[in-house]
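The structure is shown first.

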Amino acid sequence: MTSPVELVRAMKEIVGEQHVIHEQNKLHVFSCDGYVARQALPRAVVSPANTEEVAAVVKWLHEHQIPFLPRGAGTGLSGGAIALNNEVVISLARMNQLLSVDFENLRAVVQPGLVNLTLTKQITGDGYYYAPDPSSQSVCTIGGNLAENAGGSHCLKYGVTTNHIVAAKFVLPDGEVIDVGQPYGDAVGYDILGLVVGSEGTLGIATEITVKILKKPQAVQTALAMFDRVEDASNTVSAIIGTGIIPAAIEMMDQLAMQAVDKSNFHVGYPPDIEAVLLIEVDGLAAGVEEDAERVVEICRQNHVRTVKIAESTDERALWWSSRKMAFGATGRISPDYIVQDGVIPRSRLTEVLQRITEISRESGLRIANVFHAGDGNLHPLICYDSRVPGETEKAIRVGSEVLHVCVDVGGTITGEHGVGIEKIEDMRYQFRDEEIEAQIAIRRAFNPNDLCNAGKLIPEPARCVEVKQARRIIEQNVEVFSGFQEQTAVTAPDSTS
Amino acid sequence: MLQTGSDYPAVLVEPADEAQTAAVMKRASEAGWKVKPIGAGTQLTGEAPGERVHIVLSMGRMNQVLDFSPSDLVVTVQPGVTLSELGRVLTAEQKMLPLDPWLPAASTIGGIASTAASGPRRALYGGVRDMAIALRVVYPDGTVIRTGSKVVKNVAGYDMTKLFVGSRGTLGVITELTFKLRPLPLHRETVLLFGSAEDIRLMRSKLVGSVLIPSRAQALSSFDEPTGVWMLAVDCDENERSAQYQTEQLKAWATEQSMSADVLQGSAADDWWEAMGEQALGADLVVRLAAAPTNWHDLAAKVAEFATRYGVDVRQSWAVTLGIGEVFVRGLAPELATQIVTELRTAATRVNGTVVIKHASAQVRQGVDPFGPIGRAGVLFERIKHQIDPGRTMSPATFAGGI
Ligand SMILES: Cc1cc2nc3c(=O)[nH]c(=O)nc-3n(C[C@H](O)[C@H](O)[C@H](O)COP(=O)(O)OP(=O)(O)OC[C@H]3O[C@@H](n4cnc5c(N)ncnc54)[C@H](O)[C@@H]3O)c2cc1C
């Protein structure tokens with residue numbers, strides 16, 4: 001057993017005295033992330049400065065069999081950065097540099113601790129931006145985005161994080177450094193980068209990330225459409241997509257969410273008697289955007305919109321967006337506590353699923369606000385509760401699960417962008433069968449055989465121990481039998497139980 | 001004649017459904033028979049010759065479009081559906097899967113996903129990995145696994161879909177694929193610009209630095225034209241007014257550079273691209289290069305120089321905003337083929353690029369690794385292969401790094 005003193009000494013040797021936190025009173029800040037329902041103290045928090053230091057830290061911890069996990073800004077909503085096993089937290093916050101930009105080739109290389117919005121801010125002067133835009137973009141890191149495969153409002157048209165990260169330096173859980181992906185074209189061999197993105201810090205640590213950057217669209221138009229009925233808003237979403245326009249974003253909020261955001265610093269003044277509001281943005285070449293915006297307005301009208309308006313200024317557009325992006329935080333103004341859920345459904349089932357959510361809310365007596373990426377069918381039901389009322393926290397968690405099960409039942413998924421973490425780990429069993437869980441554990445085993453790196457997250461333990469299959473025998477006689485066949489034969493169904 | 005790369009005869013099995021596929025795999029694993037899944041067999045000439053296989057598992061009978069929800073922009077298909085058949089079904093509802101690799105019409109969606117084949121439209125829409133959202137896969141032991149979810153956003157568990165896309169049948173048999181779709185562009189317009197490679201290099205720079213939205217931007221040299229004559233084809237999938245604006249801008253730049261320009265619209269544009277794809281067929285050697293887009297011009301010059309030096313017929317096609325090029329060579333002795341691959345690989349590696357063979361004779365692929373070096377991520381290839389296919393049942397030694 002390694003003593004705490006030994007651990008701290010070794011860490012300080014690698015990253016320097018001032019970059020190791022181990023005093024109990026200072027560790028509390030790291031006891032949870034954006035998911036506050038669980039807390040645990042890490043053994044220590046270590047902040048390396050570069051890939052080599054990360055690799056050295058990981059190698060030492062691996063050799064001493066001490067569990068560890070990576071952490072970015074700690075805004076994750078599913079508990080991925082919580083030190084359940086009193087891990088050593090490897091904080092990437094110091095590694096926050098934009099290493100290089102190549103405008104001609106549309107690439108930027110960043111350290112994982114670089115804040116999402118900072119990247120865009122640094123290249124905006126030249127007319128470029130980084131597309132994935134989680135609402136938390138002013139604080140969350142690109143490393144955290146990679147690990148969660150973060151989404152955002154504009155993913156409808158531009159795709160999520162996995163569509164924008166092309167390569168990374170990656171420290172495996174034994175300290176070995178590898179390169180995954182390929183800055184241009186395809187990596188040769190298996191798509192290891194594809195597995196790493198969205199792996200929630202369970203496969204290793206990204207220490208240098210190459211992303212695509214995009215030229216800012218020439219023109220943008222934003223519409224705010226208010227509907228008496230949710231159904232009309234849902235139909236509008238389908239009709240816009242059906243007409244052949246993919247807006248940059250289509251966001252929806254229901255009445256309760258509107259009440260919350262109107263209590264925030266960004267007051268839009270939504271009427272109290274409408275059921276839904278849509279925020280729709282189209283972008284592209286100036287010559288054509290206006291026409292697209294007109295089409296959008298027309299479709300809103302065909303679907304009984306009460307009022308629809310195009311933003312007249314960048315200030316107005318900014319207000320509408322701020323109002324939308326502050327929605328999670330604003331929920332705190334209408335309820336002492338809330339849980340953010342993150343299910344995805346086929347867009348065409350929107351009306352029906354929102355009705356089911358209303359029923360669940362009524363049955364449970366807990367209010368649920370809905371604010372979500374309607375174009376993607378990515379729901380964010382905000383379940384309001386009061387943790388001071390005995391049993392209500394548990395009830396809220398149960399209600400959250402129930403909502404996710406509805407999403408899976410209509411052919412969707414339990415999480416579209418916030419990740420599984422600790423929060424939804426049991427719901428994974430609702431979505432995946434045992435063999436499918438086992439298949440994912442096998443992937444983790446390939447990367448992280450000792451399970452020291454962020455154990456107990458993302459993939460639940462298998463319900464029953466799936467037998468490890470024996471190595472296959474090679475039956476030479478049969479080889480001979482088969483090599484005698486010259487004809488191409490269609491084989492009819494062999495008995496699948498044999 | 002099936003080009004499995006194997007000198008030994010194998011039995012061809014054509015399962016009708018997933019249950020049969022699973023039963024075959026289970027039997028094969030137990031017996032130690034090696035299995036090579038194939039679609040239409042159009043891309044096997046891009047693989048390492050591999051070990052002897054006993055069963056060629058042809059997915060051609062599983063050729064149904066299973067579920068198509070236009071309003072969700074999602075389609076689920078069996079692997080044996082051809083790209084052209086799928087295109088027909090989707091077009092009827094004004095939707096598209098923006099995958100346009102230059103392959104024979106018979107090539108199947110299962111094969112395209114397994115090789116991660118892509119074409120010019122990748123410039124705007126990305127590749128198979130960006131479109132495939134869910135799969136059903138039969139593991140070597142017959143277990144059936146679902147990956148992903150049939151909705152456009154999903155982060156539940158590892159993104160296993162990406163592992164199987166491009167894995168060339170070395171891990172499992174894909175029995176069902178779900179893709180997210182795009183609306184068929186409301187308007188189609190292609191601008192053709194003619195000039196030297198240098199003209200196109202300049203044009204590319206202007207294009208990338210602009211607000212234009214090219215959905216394809218392909219620089220082409222042709223077998224028939226004398227070397228040195230190039231053409232840049234730029235598409236716009238935006239609405240008509242935007243397309244017009246883009247066309248005007250490109251034409252203005254062409255005038256500045258004294259390049260001539262031509263504009264194709266609607267079905268004329270479609271037909272032109274189709275003809276380009278057809279011309280790609282029938283070469284003796286097809287090589288794919290990838291590097292930073294600003295390097296395309298130097299690499300293209302290398303290719304042209306080789307062609308002149310040895311008097312071979314070469315045609316090049318470069319996605320200039322992506323830095324992905326395909327080189328088609330006709331009338332080439334195998335020794336020269338090996339040499340061109342090796343030379344290009346050296347040149348590309350110098351700029352951190354890659355070169356893979358898409359199509360070559362077995363002799364050539366024996367002489368030079370079709371995939372080339374695999375880099376430091378390669379340590380994981382064996383480990384993943386071992387987890388999923390410990391008996392090395394699936395397509396042994398046909399893929400990168402000897403997998
Ligand atoms: C108000 C609010 C709004 C939000 N809105 C959105 C939204 O619109 N869309 C969205 O997708 N998410 C959203 N989120 C969730 C969260 O911001 C994202 O998941 C974000 O990507 C997390 O980044 P982070 O730097 O905070 O990571 P952390 O919370 O620190 O870590 C998240 C996970 O990533 C791992 N990790 C961190 N860095 C690395 C690394 N370098 N290598 C490997 N693993 C690493 C950690 O171990 C952990 O499992 C929101 C959160 C809040 C609080």
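## The second largest pocket

A pocket is here an open set of grid points with protein on both sides within 12 Å along at least five of seven lines. In this predicted model, the second largest pocket has a volume of about 960 Å³. Its lining comprises 30 residues, and those nearest the centre are Leu83(B), Leu99(B), Asp100(B), Arg121(B) and Glu274(B). Two or more lining residues come from each of α2 (83–91), β6 (95–96) and α9 (266–279) of chain B.

The largest contribution to this lining is that of α2(B), with 7 residues. Domain 1 (1–184) and domain 2 (189–367) of chain B each supply at least three residues to the lining.

## The sheet of chain B

In chain B, 8 strands make up an open antiparallel sheet, ordered β14-β11-β13-β12-β16-β17-β15-β18. The edge positions belong to β14 (260–265) and β18 (354–359) of chain B; each has a single partner strand, so one side of each lacks a neighbour in the sheet. On average, neighbouring strands of this sheet are turned by 20 degrees against each other, direction ignored.

Within the sheet, β16 (313–319) and β17 (324–330) of chain B form an antiparallel pair over 7 bridges. Ser317(B) is placed opposite Glu326(B) of β17(B).

## Helices on the sheet

Helix α7 (197–208) of chain B packs on the sheet and touches β11 (189–195), β12 (214–221) and β13 (230–236) of chain B. The direction of α7(B) makes about 25 degrees with that of β13(B).

Helix α10 (296–310) of chain B lies across β12, β13, β15 (285–290), β16 and β17 of chain B. Relative to β16(B), helix α10(B) runs at about 170 degrees.

Definitions and conventions. Residues are numbered from 1 along each chain as its sequence is written. Chains are lettered from A and ligands numbered from 1 in the order in which they are written. This is a predicted model: local features need pLDDT of at least 70, side-chain atom pairs count only at pLDDT 80 or more; totals for chains, interfaces and linings use all residues. Side-chain values use heavy atoms; hydrogens and water are left out. On a 1 Å grid over the protein atoms alone, a cavity is a set of points where a 1.4 Å probe fits but cannot get out, and a pocket is an open set with protein on both sides within 12 Å along at least five of seven lines; lining residues have an atom within 4 Å of a point. Grid points are joined across faces, edges and corners, and a volume is the space filled by probe spheres set on the points. Helices (H or I, at least four residues) and strands (E, at least two) are DSSP runs, numbered from the N terminus. Domain bounds come from an automatic or database domain assignment. Two strands pair if DSSP finds at least two bridges between them. Axes are lines fitted to C-alpha atoms, for helices over the stretch in contact, and angles run from 0 to 180 degrees between N-to-C directions. Contact means heavy atoms within 4.5 Å.
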